[in-house]
Amino acid sequence: MSGAHLIGAFLEMMSAERGAARNTIEAYRRDLSDYAGFVAGRKSSLLTVDRDIVNAYLDQLKRDGLSASSSARRLSAIRQFHKFLCADGMRGDDPTRIVASPKSRRALPKVLSVAEVDLLLSTAEAEANADASPQKQASALRLYVLLELLYATGLRVSELVSLRRSAVMRDASFLTVVGKGNKERVVPVNDRARDAIKAYLATLEPGLYLFPAAGAEGYLSRQVFARDLKGLAGRAGISSARVAPHVLRHAFASHLLAGGADLRVVQMLLGHADISTTQIYTHVLDEKLRTLVETHHPLAEQ
């Protein structure tokens with residue numbers, strides 16, 4: 001079987017069994033095609049390539065100026081591909097098994113303080129309750145509910161804007177969220193967000209989505225929400241460059257951990273498949289532990 005056919009079989013599996021998104025499939029296709037070309041240039045094949053060639057490929061990516069994070073992402077695709085070949089009996093060994101992943105210093109997520117998030121929320125609430133034209137008031141209420149929900153649940157922006165009304169459960173106390181790979185999770189909603197949702201639902205005409213819009217998808221676009229959020233930040237006196245939907249998701253996770261939440265609980269709420277993804281937020285725990293030791297250690301003041 002040719003390299004193209006092997007890659008095609010792997011991508012079919014990723015789509016059918018793991019529910020990988022179209023963009024993910026295309027990224028894997030590009031990465032694996034590039035890898036296959038390098039392997040062929042070394043007079044080898046995807047069924048016979050060894051660890052030395054895999055390492056040589058990573059060295060070539062570095063010489064080409066690819067960042068460590070991008071190289072690590074490409075190696076991840078190659079690892080999954082070779083595991084697939086082994087699982088299907090097309091190879092008896094995995095040449096990536098002990099290949100070291102390129103290391104990079106992962107940037108800490110931008111996080112707003114609790115006071116800044118509270119200022120955003122109070123500004124959005126005041127605008128939602130202000131006298132205005134029906135259209136302007138509806139937009140202000142929608143933005144307020146979006147913001148309350150985002151900070152209350154930590155949803156990905158794509159999950160948030162595409163929420164269906166049927167996702168609102170048990171008197172708006174929980175949401176059923178469909179995340180990456182079509183995996184469902186149930187996320188609790190705090191009292192403020194619950195009250196905001198209930199008031200907002202009472203203003204809507206019958207429909208499928210919680211945040212309907214006239215576009216082809218039928219719901220509010222991420223770009224419109226991000227634009228409206230930046231406008232709100234400016235009116236609240238916060239630099240719009242520091243505010244975006246993913247920043248509120250980061251704030252949700254960081255503030256929970258700072259308040260004593262368990263890392264695995266935060267992982268579940270964020271919808272991370274692997275806890276290593278959630279561990280980027282442990283800088284919050286590191287600071288909390290340092291403060292704890294400095295405050296309570298018997299020799300701290302000496």
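# Strands, helices and loops in a predicted model

Q: How many bridges join β1 to strand β2?
A: Two bridges join β1 to β2 (residues 174–178), and these strands run antiparallel. Two strands pair if DSSP finds at least two bridges between them. Strands are DSSP runs of E with at least two residues, helices are runs of H or I with at least four, and both are numbered from the N terminus.

Q: Before we go on, what kind of model is this?
A: This is a predicted model, in which local features need pLDDT of at least 70 and side-chain atom pairs count only at pLDDT 80 or more, while totals for chains, interfaces and linings use all residues. Residues are numbered from 1 along each chain as its sequence is written, and side-chain values use heavy atoms, with hydrogens and water left out.

Q: OK, back to β1. What stands opposite Val 168?
A: Leu 175 in β2 stands opposite Val 168.

Q: And what is the strand order in the sheet?
A: The order is β1-β2-β3, in an open sheet of three strands with antiparallel pairing. The edge strands, β1 (168–169) and β3 (184–188), each pair on one side only.

Q: How many bridges do β2 and β3 pair over?
A: They pair over five bridges, in the antiparallel sense. At one of these positions, Val 178 has Glu 184 in β3 as its bridge partner. Five residues lie between the strands of this hairpin, and Gly 181 there takes a positive phi near 70°.

Q: Which residues are on the covered face of β3?
A: Arg 185 and Val 187 are on the covered face, and Glu 184, Val 186 and Pro 188 are on the uncovered one. In a regular strand the side chains alternate between the two faces of the sheet.

Q: Change of topic. How many helices are there in the protein chain?
A: The protein chain has 13 helices, along with three strands.

Q: At what angle do α3 and α4 cross?
A: The axes of α3 (residues 51–63) and α4 (residues 68–87) cross at roughly 155° and come within 10 Å. That makes α3 roughly antiparallel to α4. Angles under 35 degrees count as roughly parallel, over 145 as roughly antiparallel, 65 to 115 as roughly perpendicular, and the rest as oblique. Axes are lines fitted to C-alpha atoms, for helices over the stretch in contact, and the angles run from 0 to 180 degrees between N-to-C directions.

Q: Which residues in α3 and α4 meet?
A: Val 54, Tyr 57, Leu 58 and Leu 61 in α3 meet Ser 71, Arg 74, Leu 75 and Ile 78 in α4. By class, this contact of α3 with α4 has six nonpolar residues, one polar and one charged. Ala, Val, Leu, Ile, Met, Phe, Trp, Tyr, Cys and Pro count as nonpolar, Asp, Glu, Lys and Arg as charged, and the others, Gly among them, as polar. Contact means heavy atoms within 4.5 Å.

Q: What about the angle between α6 and α9?
A: The axes of α6 (residues 134–153) and α9 (residues 222–235) come within 11 Å and cross at roughly 95°. These two helices are therefore roughly perpendicular to each other. The residues of the contact of α6 with α9 divide into eight nonpolar, no polar and three charged.

Q: Now the loops. Where is Lys 43?
A: Lys 43 is in the loop between α2 (22–41) and α3. This residue has a positive phi of about 60° although it is not a glycine. Most residues other than glycine have a negative phi.

Q: Is Lys 43 buried or exposed?
A: Lys 43 is exposed, with a relative accessible area of 79%. Buried means under 20% relative accessible area, exposed over 50%, and partly exposed in between (1.4 Å probe, protein chains only).

Q: And Ala 172, buried or exposed?
A: Ala 172 is buried, at a relative accessible area of 4%. Ala 172 is in the loop between β1 and β2, and its phi is positive, about 65°, although it is not a glycine.
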